[in-house]
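Open your viewer and get ready to select residues by number. We will take a few stops, one after another.

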Amino acid sequence: MKNKNVLKISFIALFAAIICVGCFIRIPLGVIPIVLQNVLCILCGVLLGGLLAGAPTALFLLAGLIGLPVYAGGTSGLAVWMGPTGGFLPGYLLGAIVAGFIAGKPSVEQKKITWKNALRVSLAILAGMVILYIPGVIRFSFWATAAGKVPAEKTAFAYTMAACVIPYIPGDLLKTVVAIPVALKLRPILAQYLYENTDKD
């Protein structure tokens, strides 16, 4: 069990590092860039599952908060949290946790992919990708209203959806499609190293 705990910590640190490296993949698009970190957070949550799901994302967020340049574009610090896109950061954590709990703890028995397992993992990733938008949309809406960015002919919600959500749906769907088979392939492999058969975490 001690070795399992060491491996769990090691994989959490590894996945957090992978999320951090994702900061270098950033395509400018209006106020909010296209990033890879959102799907990496969700994918890592689904790979670990259960209580460990949010740990890599939490570590990544903490690293950026204390000043390491790991947020999108190599940024860091509290200023990012307080900016127009700051709501997406807690959204990453929320999405990872929800996705991990929907997917559940991985098992070596999932090596044989069934339609039930594929459906569960697919729903987990899709739900995580949707949920991460909620804090981001709320924060951006408040920021846009306070900054006077909302056009007179639009509501704050309509402006926010047009700026933060709709343009990114195709890309996020593509990321989801790619993440699903990756998760299905890696979950049973990780289960061999992370969990005992009787582990109920």
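Here is the tour, stop by stop. Keep in mind that this is a predicted model.

**Stop 1: helix α9**

Select residues 169-194, which make up helix α9. Look along the helix axis. Where does helix α9 bend? The bend, about 30°, is at Leu186. Now colour Pro188, a proline that follows within four residues of the bend.

Next, pick out the buried residues of α9. Among them are Ile180, Ala183, Leu184, Leu190 and Leu194. Pro188 is on the buried list too, and so is Arg187.

**Stop 2**

Show the side chains of Lys175 and Asp172. They form a salt bridge, with the closest N and O atoms 3.3 Å apart.

Lys175 is at 13%, so Lys175 counts as buried. Asp172 has a relative accessible area of 8%, so Asp172 is buried as well.

**Stop 3: a nonpolar patch**

Select Leu59, Leu62, Leu65, Ile66, Leu68, Leu78 and Met82. These residues form a nonpolar patch on the surface. Together they have about 700 Å² of accessible area. Two elements each give two or more residues to the patch: α3 (55-65) and α4 (78-82). Which element gives the largest share? That is α3, with three residues.

Zoom in on Leu65, which lies in helix α3. Leu65 is partly exposed, with a relative accessible area of 39%.

**Stop 4: the loop between α3 and α4**

Move to Ala72, in the loop between α3 and α4. Ala72 counts as partly exposed, at 21% relative accessibility. Along the chain, Ala72 and Ile34 are 38 residues apart. Their C-alpha atoms are separated by 9.1 Å.

**Stop 5: the largest pocket**

Finish at the largest pocket, which has a volume of about 470 Å³. How many residues line the largest pocket? There are 27, and the closest to its centre are Ile32, Pro33, Val35, Thr85 and Tyr92. Colour β2 (34-35), α2 (37-48), α5 (88-103) and α9. These elements each give two or more residues to the lining. With α9 in view, you are back at the helix from the opening stop.

Notes
Residues numbered from 1 in each chain as written. Predicted model: local features only at pLDDT ≥ 70, side-chain atom pairs only at ≥ 80, totals over all residues. Heavy atoms only, no water. Bend = angle between axes of the 7 residues up to and from the residue. Buried < 20%, exposed > 50% of the residue type's maximum accessible area, 1.4 Å probe, protein only. Patch = residues over 30% accessible without salt bridge, like charges linked within 9 Å, V, L, I, M, F, W, Y side chains within 5 Å. Areas by Shrake-Rupley, 256 points an atom, 1.4 Å probe, with all protein chains shown as cover. Salt bridge = Lys/Arg side-chain N within 4 Å of Asp/Glu carboxyl O. 1 Å grid on protein atoms, 1.4 Å probe; cavity = no way out; pocket = protein on both sides within 12 Å on 5 of 7 lines; lining within 4 Å. Points joined across faces, edges and corners; volume = space filled by probe spheres on them.
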